[in-house]
Amino acid sequence: MRFMVSEIREGLLIAFQAVRANKMRSVLTTLGIVIGIVSVTLMGTAIEGLNRAFNKSISAIGADVLYVQKWPWGGGEDWWRIRNRPDIRIQHAKAIERQAELAASVSPVSGTGRNVKYGRKLIEGIVIVGTNADYLRTTGADIAFGRFFTAMEAEGGRPVCVIGSEVAENLFPNETPLGKTIKLGNYPYRVVGVLEKQGSFLGLQSLDTRAYVPIDRFFTEFASRRSGLSILVKSATLELVDEAKEEVRGVMRKARGLKPKQEDDFAINQQEILIQTFNQIGVVIAGVGLFITGMALFVGGIGIMNIMFVSVTERTREIGIRMAIGAPRRTILQQFLMESAALCLLGGIIGLIIAFPLSLIIDQVLPTAMPLSIVGIALLISVFVGVVSGFLPAYRASRLDPVDALRYE
Amino acid sequence: MSTIIKFQNITKIYHVGSEDVHALENLSLEIKKNEYVAIMGPSGSGKSTLMNIIGCLDTPTSGLYELNGVNVSDMNDNQLAKIRNKEIGFVFQTFNLLARSDVLHNVELPLIYGGISSGERKKLAREAIERVGLTERIHHKPNELSGGQRQRVAIARSLVTQPSILLADEPTGNLDSKTGDEIMALFDKLFAEGNTIILVTHEEYIAEHANRIIRLRDGMIEGDEIVRNRRAISQPTVQA
């Protein structure tokens, strides 16, 4: 055991000396590994970021919510046929509300982009969402301060709105938004509440840059009453979500007057489907990433192998000396494997140093940080590549004949 | 005196192309403890082959080689490595030090492969370095040392495991005569301390430091004589 320890220490020392003696060569040689590790790290970071963004956004909506919509999530079906489906309308929401017993709450939702103004402050292109008073209960969103609009206000079509946290921060940096009148598009609305910060979905569309208004008023001021909407249905419990889905489906089919053999002309979406789709995308990204990474590491590994052959040849005499002094073949093999692993580890560390600032750039798009596990995996991979690509040269070194090696000039 | 090296009908044949070269031919030989043997012979006489076999760097094609009563002629590579580590101390013409390591580490090296603990290793290495008079250069790299000093480091390295034999291959070949004399004085001193030394040389006056000269020709022993008037250097002047 002690024998092994001093041998390994000697191996590390030699590896370190060898790398230090050929600094430029070592760094150039590890370029392939550097690229491979940068790619591994960024890919891992990006996937981690996607996951985080996705889970964060999706969990804000809740796993027990059904989305009755014209379009199914994830696509895959005939685009033209779906396009020609009738739109989902407010009366469908009413029907579900009346008839579906497993629905804890139902909210029709429709959205459109508008500018919002308060005094001289302007935010462009926020999403105006028309919905009902049950929206909070349906989606599980929380109010930060103030209140959501009431059923009375909603049915009376009052010009009141609830704004997302980012809208509130930007329009009212130093004052309370409550009771203030802002302009959504061209129409004045009184702010009655601000929602809790929710984060963005994949960094594309923040849920915090929204304004919620009563849906009836939404249809008169922002969209034609004919335009489609989504109906969010919260299941009574998470366990009953499948039953609730069947029930909602029945209600919708009846409302649409579909015959038993006709297909549904609407979609009932669930987060689960979104998650599945997302996972499929994730697999594709990971696959492409793995391929690029694999290529870089393969090329890098060949570079390492090549330079290790050079190193073994250069140090033939040293190998001879070590053998004469009593180093067994196994030790020589181990020494060169360590050198090769150290070289790759160097590449891995350089790769991580390069990847870290790049991951901060990714962070601008996806809320993420380089996970520690990725750092560990990257270093493990580089050592693995080192051992694999160093094996042949190290084996050759260990098979040298001591007499020939000592005589080598 | 006990026998350290016993060769019985050692033959070594090299295959060079389609030809067989008989480097050693049915050679028998005994070397006892605390002998100082010089092996001489023209190039091609087989002295290098004999050295390599004695040093367990190479194995004979046929014949029996006993080192300290142990048959080493059939040993595998790992066993031979262990024998080299424990029983043989090599000193080469070209010193063969590790260029990137300092004196201490060079001398420590055999102990590392021998599995000696770090503290013990440092102690033994320092002692060996002291014996060759290089204590002040302990952290110098080989390229900061003169040829004579390098050879002293190599000798310290060969001594550090307290081997049965010191095997020196033209140890003064790369040194000027004054430095060469100093190195030979060091060998004389080590011999006086009870070490067994085998010296390969082609220079008569170097060989005369030994108390026995074996002359080789064409892979066979041509002469084996006891030196009457050793060119023993009276005062082993060791200078750092």
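Start with the largest nonpolar core, 123 residues in all, and select Ile39(B) and Ala156(B), the two that touch the most other members. A nonpolar core here means buried Ala, Val, Leu, Ile, Met, Phe, Trp, Tyr and Cys residues joined through C-beta atoms within 7 Å; buried means 20 or more other C-beta atoms within 10 Å, with C-beta atoms placed from the backbone. Now pick helix H13 (residues 329–365) of chain A, which gives this core the most, 13 residues. Helices are DSSP runs of H or I, at least four residues, numbered from the N terminus.

A word on what's loaded: it's a predicted model, where local features need pLDDT of at least 70, side-chain atom pairs count only at pLDDT 80 or more, and totals for chains, interfaces and linings use all residues. Residues are numbered from 1 along each chain as its sequence is written, while chains are lettered from A and ligands numbered from 1 in the order written.

Next, show helix H3 (residues 103–113) and helix H5 (residues 147–159), both of chain B: their axes (lines fitted to C-alpha atoms over the stretch in contact) come within 7 Å and cross at roughly 30 degrees. H3(B) and H5(B) are therefore roughly parallel (an angle under 35 degrees). Where they meet, Val107(B) and Pro110(B) are among the H3(B) residues, and Val153(B), Ala156(B) and Arg157(B) sit on H5(B).

Last stop: Leu50(A), in helix H3 (residues 31–61) of chain A. Leu50(A) counts as buried because it has 20 C-beta neighbours inside 10 Å. Select Gly282(A) and Leu366(A) too; beyond four places in sequence, Leu50(A) is in contact with both (C-beta atoms within 7 Å).

Terms used:
Buried ≥ 20, exposed ≤ 12 C-beta atoms within 10 Å, placed from the backbone. Helix = DSSP H or I, 4+ residues; strand = E, 2+ residues; numbered from the N terminus. Axes fitted to C-alpha atoms, helices over the stretch in contact; angles between N-to-C directions. Parallel < 35°, antiparallel > 145°, perpendicular 65-115°, else oblique. Contact = placed C-beta atoms within 7 Å.
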